[in-house]
Every structure is written in structure tokens, then in C-alpha cells.
Amino acid sequence: MKNLKELVRPNIWNLKPYSSARNEFQGEASVFLDANENPYNEPYNRYPDPLQWKLKDKIAALKGIDRTSIFLGNGSDEAIDLSIRAFCEPAADAVLSIDPSYGMYQVAADINHVACRKVRLNNDFSLNAGALLQAVEANTKIIFLCSPNNPTGNILNRGELYKAINGFEGIVVIDEAYIDFSSSPSFLKELKDFPNVIVLQTLSKAWGGAGIRLGMAFASPEIIDILNKIKYPYNINQLTQERALELLNRREAMKGELSEILNERTLVETALLELPFVQRIYPSDANFILVKVDDPNATYDYLVRKGIIVRNRNTVTLCEGCLRITIGTPGQNNLLLKALQTRTL
């Protein structure tokens, strides 16, 4: 890895961040008259903790990682955007991602006027680290790797990930939004070995918190400091912080729900394979499956008429003929299967 100062944009490195009232005084007091807040409607009249320390302490305990290595954002999308803003000079630098993968890497790069180059996965959706590294150019600052990948569902080979990380001098972002559904371990335990890695996780998937928009980025304290430096002062509102703590306190319930989703994934796969128009189901380490059918557009439209919405991925690279189906409750999955078993196009 290059020296962090070499990777960060000079204006960001030299930036003096905004200092809020809550940054300048942290602690308890009987009267707060420092932030021009309305004195009524407690506690929501007060600005939230800009660095979310109580929530970070909870996450640190659950993940086994120091709280100084945690950044919290408005969904993982905020961390994606801030990473590009921190390391990529507009109209000069570039990021690299795999294809197919999560579309926000491209969108965030486009918003920041940064080129986004893509390297196609192998036909079985596996990663070729050699091909990825060959696509690196002098102005490539970040590589985005989604694992388990979306929309393909597969975990990327660990050996290939190591090759990509060790062979690149810039920042590697490993997006682990679906890692809780996989039997493969997270990269969190290895962060200290890879100072150029940022790991993304979220409360949106396994924790059932998509509506509160809480994404997590884990990295070296030095990288986290850079992200905190350029985020908006109060990027995580008080209601989200409170609800996130409530979700994290129901860990045993989450494990039960996770187990049911994984069991349902197997049942749905088995039932779908019995249908004559299902040509293939790709291996999944996520809470969804990618299913190749004989007529994806007509099948999608048929399900819409039945009030069942899946994702048509027919036009995505390497996903021709495919529908992406999220695993629901047993009742929801049964409705899907019953509809498909009586499909009429």
C-alpha cells in the first residue's frame, strides 16, 4: 500500500473539518446553551452524537473490533461515496469494480466525476484477480469488490481476494452486505493485516433494518479519521441511533430469523429445480437466489400480475435469462412457488 497521504486527495488531507457544538463539548452538564437548540421537546431537541459513540461501542463489542475502526453512515452508500470523495480527484482518478456487481459503485463514481472501469467476472461469476490487477492503471485509487456479490449471490474466492489486495497499492473496499448469510468468514478479523482494506457491512439485510439506513465501514483508525473528517456533522440522526441499538439488542432473535431464511433458501431452490422452465439456480451465499428461466421477461410480468415482485436481471452482464428472487417468509415463498407451479404466459 502507498502511504495514506499519497492516496488521499491533497485538499482533503489539508481540510480543516467543521467543528460542531457536540464536537467541542462531550460529557454531562445540567444546562446546554451551546448549540442554539430549542429548549423544549427533549430529547429530540438536541443534536445527536456526531460520532455515535454509544452505538459504536455496541457494534465494537458484537464485531470484536475497536470502535476507532468504525464509521457509521446513512446506509453503506454514504461510505462508498465518501471513499471516492476522499481518495479520488474528480476528472483525474478512477475506481475499478467487477461486472456484474452492485450498481452504486458506478453511480457514486459518476456523481463525483470519477471514471469507473469494470472487469468482467468469469462465466461462473468467479473472480480472476490477475485480470483485475491487469486493469489497474496509474490513476486507479480504489477497487470495489462485493462479496457475497450482488446480483450473483456467490462469495468471491478468498485466495483471489488476497491476490487483489496484496497486488494493489491503493484502497480495496470489500462490500460484505450479505456476509451474515454466508458460511465464509468476514474480513473483519484480518483488517490489521491489510491497512489498505475497507470492509462494508449493514443493518439492512440480516438485521432487518433497511428502513433506518445504517451502514457500517470498518478500516484502520487513520482511514476512519479521513471519512469522519468529510462526512456531514450529524449524518446519523437520533432516531436511527436509537433504533439501531434496539436491533442490535435482539441478536438471538436475529439468529433465529437468519436460520429460517437459510432453511427457506434451500427449500425454495429445491422446489424451483423441479419446474421445467427453470434452467439453472446459481450457488448463493446471500438471502437471494439468481434463477435462470426460459423466458425471464414473460415470467416477471406473470408474477407482477399475481402481485409478486422479483427482480428482472435479464439485461445485466452475464445474467441473461435470470431473475433475482429474495427469500421471504415461508408464507411468501409458498405463494411464489404456487404461482410459478401454475405459470401461464
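G64 lies in the loop between α4 and β1 (70-73). This glycine counts as exposed, because its relative accessibility is 56%, above the 50% limit for that class. In this predicted model, G64 and K189 are 125 residues apart in sequence, yet their C-alpha atoms are 8.0 Å apart in space. The points below treat the helix packing, the strands and the backbone features in turn.

**Helix α4 against helix α10**

- Helix α4 (residues 53-63) packs with helix α10 (residues 238-248) at an angle of about 25 degrees, and their axes are 10 Å apart.
- The two helices are therefore roughly parallel to each other, since angles under 35 degrees fall in that class.
- The crossing of α4 and α10 is left-handed.
- On the α4 side the contact is made by K54, L55, K58, I59 and L62, and on the α10 side by Q241, A244, L245 and L248.
- By class, the residues of this contact of α4 with α10 comprise six nonpolar, one polar and two charged.

**Helix α5 against helix α6**

- Helix α5 (residues 76-87) and helix α6 (residues 104-111) pack at an angle of about 45 degrees, with 9 Å between their axes.
- That angle makes α5 oblique to α6.
- The crossing of α5 and α6 is right-handed.
- Residues D77, I80, D81 and I84 of α5 meet M104, Y105, A108 and A109 of α6.
- The contact of α5 with α6 has six nonpolar and two charged residues, and no polar ones.

**Helix α9**

- Helix α9 (residues 221-230) is largely enclosed by the rest of the structure, because seven of its ten residues are buried.
- The buried residues of α9 are I223, I224, I226, L227, N228, K229 and I230.

- Strand β1 pairs with strand β7 (residues 215-218) in the antiparallel sense, over four bridges.
- Within this pairing, L72 stands opposite M216 of β7.

- Four strands form an open sheet in the order β8-β9-β11-β10, with antiparallel pairing.
- Strands β8 (278-281) and β10 (311-312) stand at the edges and each has a single partner strand, so one side of each is left without a neighbour in the sheet.
- Strands β8 and β9 form a hairpin, with six residues between them.
- Three bridges join β8 to strand β9 (residues 288-293), and the two run antiparallel.
- The bridge partner of R280 in β9 is K292, while that of I281 is V291.
- Helix α11 (residues 251-273) lies across β8, β9 and β11 (322-326), and runs at about 5 degrees to β9.
- Helix α12 (residues 296-305) also packs on the sheet, where it touches β9, β10 and β11. The direction of α12 makes about 35 degrees with that of β11.

**Cis peptide bonds**

- Most residues other than glycine have a negative phi, and most peptide bonds are trans.
- S147 and P148 are joined by a cis peptide bond, with omega about 0 degrees.
- P148 is found in the loop between β4 (140-146) and α8 (158-166).
- N150 and P151 are likewise joined by a cis peptide bond; here omega is about 20 degrees.
- P151 lies in the loop between β4 and α8.

- A91 is a residue other than glycine with a positive phi, near 60 degrees.
- The position of A91 is in the loop between α5 and β2 (94-99).
- With a relative accessible area of 60%, A91 is exposed.
- F125, also a residue other than glycine, has a positive phi near 70 degrees.
- F125 is placed in the loop between β3 (115-120) and α7 (129-134).
- F125 counts as buried because its relative accessibility is 1%, which is under the 20% limit for burial.

Note on methods:
Residues numbered from 1 in each chain as written. Predicted model: local features only at pLDDT ≥ 70, side-chain atom pairs only at ≥ 80, totals over all residues. Heavy atoms only, no water. Axes fitted to C-alpha atoms, helices over the stretch in contact; angles between N-to-C directions. Parallel < 35°, antiparallel > 145°, perpendicular 65-115°, else oblique. Left-handed = near helix turned anticlockwise from the far one by under 90°. Contact = heavy atoms within 4.5 Å. Nonpolar A, V, L, I, M, F, W, Y, C, P; charged D, E, K, R; others polar. Pairing = 2+ DSSP bridges. Buried < 20%, exposed > 50% of the residue type's maximum accessible area, 1.4 Å probe, protein only.
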